Amino acid sequence: MSIKLHEHPRPSENDPKRILESVFGYREFRGQQKLVIEHLLSGGDALVLMPTGGGKSLCYQIPAIAQEGVGIVVSPLIALMQDQVSALTELGVAAAFVNSSLSYETARKIEDEMLRGRYDLVYVAPERLTTPGFLTLLERTKLALFAIDEAHCVSQWGHDFRPEYRKLDVLHDRFPGVPRIALTATADEPTRREIIAHLHLGGARRFVSGFDRPNIRYDVVPKKNAKAQALRFIRFRHAGQPGIVYCMSRKKVDDVAAWLRGEGIDALAYHAGLDKTVRQRHQERFLKEEGVVIVGTIAFGLGIDKPDVRFVAHLDLPKSLEAYYQETGRAGRDGLPSEAWMCYGYGDAVLIRQLVERSESSAERKRVEHRKLGALLGYCETAECRRAVMLRYFGEERDEGCGNCDTCLEPVDAYDGTVVAQKALSNVYRTGQMFGAAYLADVLVGAASERVVRNRHDRATTFGIGAELDRAGWMGVYRQLVASGLVDVDPEHGGLRLSERAWPVLKGERALKLRRDRKRLPADEVRPHRTKEEGVADKADRKLFDALRAKRLEIAQARNLPAYVIFHDKTLAEMARNRPRTLAELATISGVGQKKLETYGKAFLDVLRTEGRSPGSDDGVIEDP
Ligand code: ADP
Ligand code: ZN
């Protein structure tokens, strides 16, 4: 293969596949990328729904590079723009951003250069784009396309509503001849309709990919001591790797972060209550260093495009299943194996039901909230494949288990729990519908605690009728009854009472399936399996991989860039396995484009030469690819 160094692609080389190879260093288009790119190049509009990590950016970056004129990218978050622009610059693509973080002079200078055709891509905040001044400037500029990223921000009902996005319909009116592409990873059918309506994309072709993130392993563990469980999870399964831990409150974030630090994990807190400079420093360290764990409230992660996040751990429940999908979606954008781990127990189910009860929403709104909550708790409680439950929620049916979630890997026992549920429910009724699960479990197992005796419940008809389960077993049953809405939770003191839905079960009209909670921890929680992650299983390869990573970090720090902007883990792993010896061989590795070959090729070849074949290496084996 011939490699042209020091040469920019000429117009004849502006074929999308050539750009994919020479600029990005990738061999094949992924999913629908090729179709989308061709559609845009032929002048059509597009609506692209692709999961996180699916490769949305290439869909507009390649046509913008291939064509004359600049591609204007609307992006809602400043941090994202900066990230994308530094990544493109590293690839040798002329790109810039214009937003409020720039001084007036700098912004003017960039706009001026844009007018003169210096850029392939310019990222703009929506409020800037829709100013009369910028629109006039665009009318004088040669344009390749408009890309509207995170297009679900037009939706008033979504969690990321941005009013300025509504004004983007102006693009259709003022630039009817310029192709537009709207992209998002989250859009149910109503949101899709909103995007089409508000952005005037009625004539756009839709490209819809599934929601599945096959490289993410889903795992829900019964909560015992959340902090200790999280520590074991990180230590044994993700030591030294970047990850995100989510907690519900700021106080808990601070507490968990401090505790993990005390246990030797490089954990940093992130929430809105922290000083802005502290917050920025923590985010910066997370992006630029290799193994930082961020402990944050759900506010953290928006605008974080770090591709090598290896795990997302929830110590508290997310707000909804959509939110969970989004938050866990921040793991594994690079396509490498990653984990979405959640610790869940009785207290979580009770707390979240109470929150909805307490809210001041209208009755209709509350119904919606209860339904969403039901879906989330259904996910936590399922004995089915977690992925199947999640995807069904987004309207995708699948028949088989995924083989990559805890319930697939270690099937849970689901049994006919009708009689057990009847005992638990009548116990709620007989004790006056005011107690929590711990108390109720005591009554069922016949534990005459001081409180039980004081309330004379040692004489209740349900006292001691529950010998088939132990106390923890009954707690698990009550958790499931709360989760499925058969009992309601008192918004103030948390006591349980029967809901309408309890009666058919009590009367024996409806059967109920329950899951038997696992007693022991999943074997995986205590067994390290890190070597599989980057696809570097061989010991000698692993050593080389670590050396390549060290080189990458050294370069990244010298240039004040996140390490993944230099090369992704996936690329380094392939180098470690294939051990290229020349620039030409290095160029065949996925993720090594022309510019990176020029800039970093030699440095990495040096590592491959010295580390890859040192005779004194303790492993002794050097495999030929
Ligand atoms: P999204 O915006 O959909 O979340 P990105 O555009 O950030 O996803 O792409 C996710 C990752 O996949 C990036 O690291 C990107 O470089 C990589 N990628 C995209 N397309 C390809 C491809 N055709 N071959 C290999 N890697 C790709
Ligand atoms: Zn599964």
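Visitor: Is Ala-340 buried or exposed, and how do I read that?

Guide: The reading rests on relative accessible area: under 20% counts as buried, over 50% as exposed, and anything in between as partly exposed. In this predicted model, Ala-340 has 0% relative accessibility, so it counts as buried.

Visitor: Where does Ala-340 sit in the fold?

Guide: Ala-340 belongs to strand E13. Trp-341 is also found in strand E13, which covers residues 338–344. Trp-341 is buried because its relative accessibility is 0%.

Visitor: How far apart in space are Ala-340 and Val-419?

Guide: Two separations should be kept apart here, one along the sequence and one through space. Ala-340 and Val-419 are 79 residues apart in sequence, and their C-alpha atoms are 34 Å apart. For Trp-341 and Leu-171 the sequence separation is 170 residues and the C-alpha distance is 42 Å.

Visitor: Which element holds Ile-110, and is Ile-110 buried or exposed?

Guide: Ile-110 is part of helix H5, residues 104–115. With 12% relative accessibility, Ile-110 falls under the 20% limit and therefore counts as buried.

Visitor: What does the side chain of Thr-130 reach?

Guide: For a polar contact, look for a pair of N or O atoms within 3.5 Å. The side chain of Thr-130 is 2.9 Å from the backbone oxygen of Pro-126. Thr-130 itself lies in the loop that runs between helix H6 (126–129) and helix H7 (132–139).

Visitor: Which residues other than glycine have a positive phi?

Guide: Glu-150 is one of them, with phi near 50°. Gln-433 is another case, with phi of about 55°. Glu-150 is in the loop between strand E5 (143–148) and helix H8 (169–174), while Gln-433 is in the loop between helix H18 (418–430) and helix H19 (437–445). Glu-150 is partly exposed because its relative accessible area is 25%. Gln-433 is likewise partly exposed, at 28%.

Visitor: Which residues coordinate the zinc ion (ligand 2)?

Guide: Begin with the donor atoms and their distances to the metal. The zinc ion (ligand 2) is coordinated by the SG atoms of Cys-385, Cys-402, Cys-405 and Cys-408, at 2.3 to 2.4 Å. Along the chain, these donors follow the spacing C-x16-C-x2-C-x2-C.

Visitor: Why is the arrangement around the zinc ion called tetrahedral?

Guide: Four donors count as tetrahedral if all angles lie between 85 and 135 degrees. Around the zinc ion (ligand 2) the four donor atoms subtend angles of 102 to 120°, so the arrangement is tetrahedral.

Visitor: Turning to ligand 1, which residues come nearest?

Guide: List the surrounding residues, then see where they come from. There are 15 residues around ligand 1, and Tyr-26, Gly-53, Lys-56, Ser-57 and His-568 come nearest. Helix H3 (residues 56–66) supplies the largest share of this shell, three residues. By class, the shell holds four nonpolar, seven polar and four charged residues.

Visitor: Which polar contacts does ligand 1 make?

Guide: Among the backbone contacts, a nitrogen atom of ligand 1 lies 2.8 Å from a backbone N or O atom of Glu-28, and an oxygen atom of ligand 1 is 3.4 Å from a polar backbone atom of Gly-54. On the side-chain side, an N or O atom of Arg-333 is 3.0 Å from an oxygen atom of ligand 1. As for cover, ligand 1 has 560 Å² of accessible area on its own, and the protein covers 83% of that.

Terms used. Residues are numbered from 1 along each chain as its sequence is written. Chains are lettered from A and ligands numbered from 1 in the order in which they are written. This is a predicted model: local features need pLDDT of at least 70, side-chain atom pairs count only at pLDDT 80 or more; totals for chains, interfaces and linings use all residues. Side-chain values use heavy atoms; hydrogens and water are left out. A residue is near a molecule or strand if one of its heavy atoms lies within 4 Å of it. A polar contact is a pair of N or O atoms within 3.5 Å; within protein, one must be able to donate a hydrogen and the other to accept it, and residues adjacent in sequence count only if both atoms are side-chain atoms. Accessible areas come from the Shrake-Rupley method with a 1.4 Å probe; for residues, only the protein chains shown count as cover. Helices (H or I, at least four residues) and strands (E, at least two) are DSSP runs, numbered from the N terminus. Ala, Val, Leu, Ile, Met, Phe, Trp, Tyr, Cys and Pro count as nonpolar, Asp, Glu, Lys and Arg as charged, and the others, Gly among them, as polar. Donors are N, O and S atoms within 2.8 Å of the metal (3.2 Å for Na, K and Ca); water is not among the atoms, so sites may look incomplete. Four donors count as tetrahedral if all angles lie between 85 and 135 degrees; four count as square planar and six as octahedral if opposite donors are over 155 degrees apart and all others between 65 and 115; anything else is irregular. Buried means under 20% relative accessible area, exposed over 50%, partly exposed in between (1.4 Å probe, protein chains only).
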